[in-house]
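Have the sequence and the 3D view open as you read.

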Amino acid sequence: MQALRYTPIKETQAQIDLMHTYSIRPNETTYELLIDRLVHAGHLETAIQTLALMGNEGIAPTLNAAQAVIKLACDLHFPRLALDLAQAFESTSVRRIDPGIWACILVSSSESLYEKGVLTAWKKTVHDFGLTPDEGCCINVLHTVGRYGLAALGLDVILVLRRMNILWHEHHFAPVIEALCVVGNIEEAFGMLELMRDCDIVPVQETAYPIFQTIRTDVDKLDEAWGILETMREQGRKVDVVALNTIIQASVALGDLQRALGTYRAAGDLGITPTVDTFNLLLSACIAVSHRELGDRLLAEMRAASIRPDLRTYERLVVLCLTQPTYEDAFFYLEDMKSAGIKPTQNIYDALIRRCVSAGDTRYNLAVEEMLEQGYDMPEKLQNFIARGGERATPQYPAGEDRPRGRQRRPRSEDETPKEILELIPPLSKN
């Protein structure tokens, strides 16, 4: 059988059949050679059937044979099968699976986000055998941590990264914050933001997105989150501005503009200086209620605090102007952002064009030309909108067929903001 290792697999199987013909019983070495051939050919199912056949015949597989099948299962991304095979072998044998095979199970499980496999293989690989996974494997383990709320494992992974002399970054801590939110531990999630600052890691608004998803569901959770920030301040701990912005973001998502403004006004009590993200979130709230006057006040406060507007700020300012009956300032902010060296997004041009077309303003032609000069393509939906003169397409009904009865659309006044423009507002959940 060793001489046949470079021949087709059917030749090896023929030798097994010939052994049965002469009443020669295969032993564990024979099956090891057969399994080795099957593994190299990638025949996982047949290899498992061979292991089952050995069990029926009362023959225990060799360590090499078992590990070869487990390794193949990992390579083919079947971590659950690989873990079951490893545990089954160790439960019936005095021999232990090699550390390298457990490392393969860890890699395969983390790539597939298999919770049980990650927990079991991490303990075996890191704690029992003292092996150190590479950073890529650790990142995959952190992804599993975030999905299933395994905060303790996440902290363990971060410590392993430090032992590897790998500099911590935001993407190392973000899954731990997500894991804490999965189990509802908002206080520790806010504490992780504090820890990141202490480690000279700057959290971004997306880092706290799991916190936002947790507290946005109702006002009680929002109040609880605010109480946690006040307690942290009373204890002499640092409250991160991202935590404050998350409270504002959740207030805006709940449609509570007063709460959002109150949180912003209370920033000084928490020892926090608002950032451009803070004002961008508040401007989003102004857009939702078409409150141009409040938006102007916020912009004035922003400039008084020497905070420079960014792309998102200008995008919100333009859309806010377009929610008003008179929207001349939208073009002013468009020119202002270009003079500041910020390239307008296609959403800005899209909103301007739709507003002008809806109002019968021929300046939409200039906006179209400028959008094309900026390198953007003309979206088909926008082109159809212009062709219809701002009217939505109405279905045509055959002659003699009545229009379906139903709720009649309320006619829109000339001063009302077209729905197409409001749809261009950046999602609040993404800041």
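**Aromatic rings at a glance**

Y264 and F279 are both buried (under 20% relative accessible area, with exposed being over 50% and partly exposed in between, using a 1.4 Å probe and protein chains only). This is a predicted model, where local features need pLDDT of at least 70, side-chain atom pairs count only at pLDDT 80 or more, and totals for chains, interfaces and linings use all residues. Residues are numbered from 1 along each chain as its sequence is written, and side-chain values use heavy atoms, leaving out hydrogens and water.

**Ring pairs**

- Rings of Phe, Tyr and Trp (its six-membered ring) pair if their centres lie within 6.5 Å; planes under 30 degrees apart are stacked, over 60 edge-to-face, and the rest tilted.
- The count by this rule is 5 aromatic pairs.
- One of them is Y264 with F279, an edge-to-face pair with 5.5 Å centre to centre and 70° between the planes.
- Y264 is in helix α15 (residues 257-265) and F279 in helix α16 (residues 276-288), 15 residues apart; helices here are DSSP runs of H or I, at least four residues, numbered from the N terminus.
- Y349 and Y376 have ring centres 6.3 Å apart and planes at 55°, so this pair is tilted.
- Y349 is buried at 0% relative accessibility, and Y376 is buried at 18%.

**Charges over rings**

- A charge sits over a ring if NZ of Lys or CZ of Arg is within 6 Å of the ring centre and within 35 degrees of the ring normal.
- R162 lies over the face of W168, 3.8 Å from the ring centre.
- R354 has its charged end over the ring of F385, at 4.9 Å from the centre.

Key. Helices (H or I, at least four residues) and strands (E, at least two) are DSSP runs, numbered from the N terminus.
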